[in-house]
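Reader: Hi! Could you walk me through this structure in plain words?
Author: Happy to. Here it is, and we can start with a couple of terms.

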Amino acid sequence: MSNKPELPWIPPSRTAPDGPAAWVKGFRVGNVEVKRPFILAPMSGVTDTAFRRTVQIAGRETTGLLVTEFICIEGLTNANLKARTRLAFDAQLERPLAVQIFGYEIARMAEAARICEAAGADIVDINCGCPAPKIVRKGGGAELMRQPDHLARMVESTVAAVDIPVTVKIRTGWDDACINALEVSRQCERAGAQMIAIHGRTRKQLYGGQPDWDLIAEVADHVDVPVVGSGDIADAAGALYRLRESGCAGVMIGRAAVMNPWIFGQVDDLVQGRVARVADDAERLRVLAGFRDMMRAYIPERAIPGRLKQLLARLTKGFDHGGLLRHRVLRAKTTEEMFEWIESFFAATDEGRIDQWAVKEKDLPPPSPRVPRGVRRRRAA
Ligand SMILES: Cc1cc2nc3c(=O)[nH]c(=O)nc-3n(C[C@H](O)[C@H](O)[C@H](O)COP(=O)(O)O)c2cc1C
């Protein structure tokens with residue numbers, strides 16, 4: 001399958017493109033319509049419902065498909081609270097939604113898929129790419145790349161268990177000696193998988209080195225179901241470039257969406273022939289506040305500061321005194337205290353008095369020393 005267009009043109013993100021990119025098209029995954037070929041990649045610890053909604057709102061609802069963080073099949077089938085919380089989503093805003101699950105046992109995978117379907121998922125996706133030792137050791141994630149027959153049986157059983165489409169997300173292989181994305185994709189397709197997403201790295205590469213987009217393109221050319229490429233798309237223009245060059249039906253954007261939750265709207269700007277809009281400070285603050293409020297609806301207050309810090313670190317990278325803001329926020333004990341710093345920072349930036357804002361640091365007590373992980377603080381005698 002190839003949707004490679006004739007146009008030799010890639011628009012730079014910040015200048016006006018020559019006109020709409022009419023070659024950009026949506027695609028279908030079974031009965032699910034993916035209207036735009038730009039997909040939010042699953043990221044554990046990041047793409048929960050609050051983040052997915054943040055991306056949808058910031059991107060003016062232009063994300064073609066949203067994927068959850070991976071969810072453990074044992075957790076789902078044992079009604080574990082953490083696993084079930086990860087199933088939470090906004091039925092209006094987060095559409096279409098693929099729920100990604102991971103594990104090794106075939107019957108459990110099928111049962112977990114039924115739970116996802118009953119919860120309202122549009123698609124269920126099997127994770128075959130997670131490199132974490134604790135997942136791989138139990139046969140899940142990237143280990144499935146080394147057991148393609150088992151994976152094919154798993155896909156077959158899962159397809160038989162649900163009415164929604166079943167998809168897989170794989171890597172290029174296990175390591176340099178075992179690059180088998182094409183064989184695995186063909187087997188998964190024969191077993192009934194209706195879309196194949198490929199992160200262009202082996203398990204051994206983790207997240208380093210170059211993603212192999214040539215191999216992704218080769219798979220896209222040799223299987224009939226939609227293939228979605230993933231790996232190092234850094235900005236809106238990069239998303240269009242990879243889509244066009246790989247001939248994939250779609251591309252996934254992961255880490256770049258954490259740095260820039262507006263990216264899907266910017267891609268849409270380019271597709272429509274407009275200059276990509278860049279978020280101003282007021283918009284950054286709105287996104288952070290919205291993220292906080294959405295988290296409050298479904299996770300305990302004590303868990304919020306950690307998640308906020310994660311997003312804030314990305315959204316203020318490169319700002320004058322952004323490091324100082326992160327340092328101050330790191331010491332804040334409550335969400336309110338964090339927000340006082342964040343609001344004062346953006347107000348000062350906006351009013352051109354960020355240098356005065358930074359001087360206040362002198363009035364603050366020094367930060368408490370960091371205790372390395374695994375080293376317990378000794379109690380004072
Ligand atoms: C923090 C983090 C968590 C991830 N978690 C998942 C996951 O749960 N499931 C999955 O299939 N891929 C996961 N990935 C891989 C991404 O979906 C994506 O394929 C990879 O990051 C390359 O794309 P990018 O360069 O656009 O981030 C994760 C990546 C990161 C950085």
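Author: A residue is buried if 20 or more other C-beta atoms lie within 10 Å of its own, exposed if 12 or fewer, and partly exposed in between, with C-beta atoms placed from the backbone. A nonpolar core is a set of buried Ala, Val, Leu, Ile, Met, Phe, Trp, Tyr and Cys residues joined through C-beta atoms within 7 Å.
Author: This is a predicted model, where local features need pLDDT of at least 70, side-chain atom pairs count only at pLDDT 80 or more, and totals for chains, interfaces and linings use all residues. Residues are numbered from 1 along each chain as its sequence is written.

Reader: Thanks! Which residues have the most contacts inside the largest nonpolar core?
Author: Ile 101, Val 155, Ile 196, Val 251 and Ile 253, in a core of 107 residues. At least three residues come from each of domain 1 (27-271) and domain 2 (281-363), with bounds from an automatic or database domain assignment.

Reader: What is Val 155 in contact with, apart from its neighbours within four places in sequence?
Author: Its partners are Ile 126, Val 166, Val 168, Cys 188, Ala 191, Gly 192 and Ala 193. Contact here means C-beta atoms, placed from the backbone, within 7 Å.

Reader: New topic: how many helices and strands does the chain have?
Author: There are 16 helices and 12 strands. Both are DSSP runs numbered from the N terminus: helices are H or I with at least four residues, strands are E with at least two.

Reader: Which residues of α12 are buried?
Author: Arg 284, Leu 285, Leu 288, Phe 291, Arg 292, Met 294 and Met 295. The buried residues of this helix pack against α1 (49-58), α13 (304-315) and α15 (335-350).

Reader: Where is Leu 206 found?
Author: In the loop between β10 (196-202) and α8 (213-222). Leu 206 has a positive phi of about 55 degrees, although it is not a glycine.

Reader: Is Leu 206 buried or exposed?
Author: Leu 206 counts as exposed, because it has 12 C-beta neighbours inside 10 Å.

Definitions and conventions
Contact = placed C-beta atoms within 7 Å.
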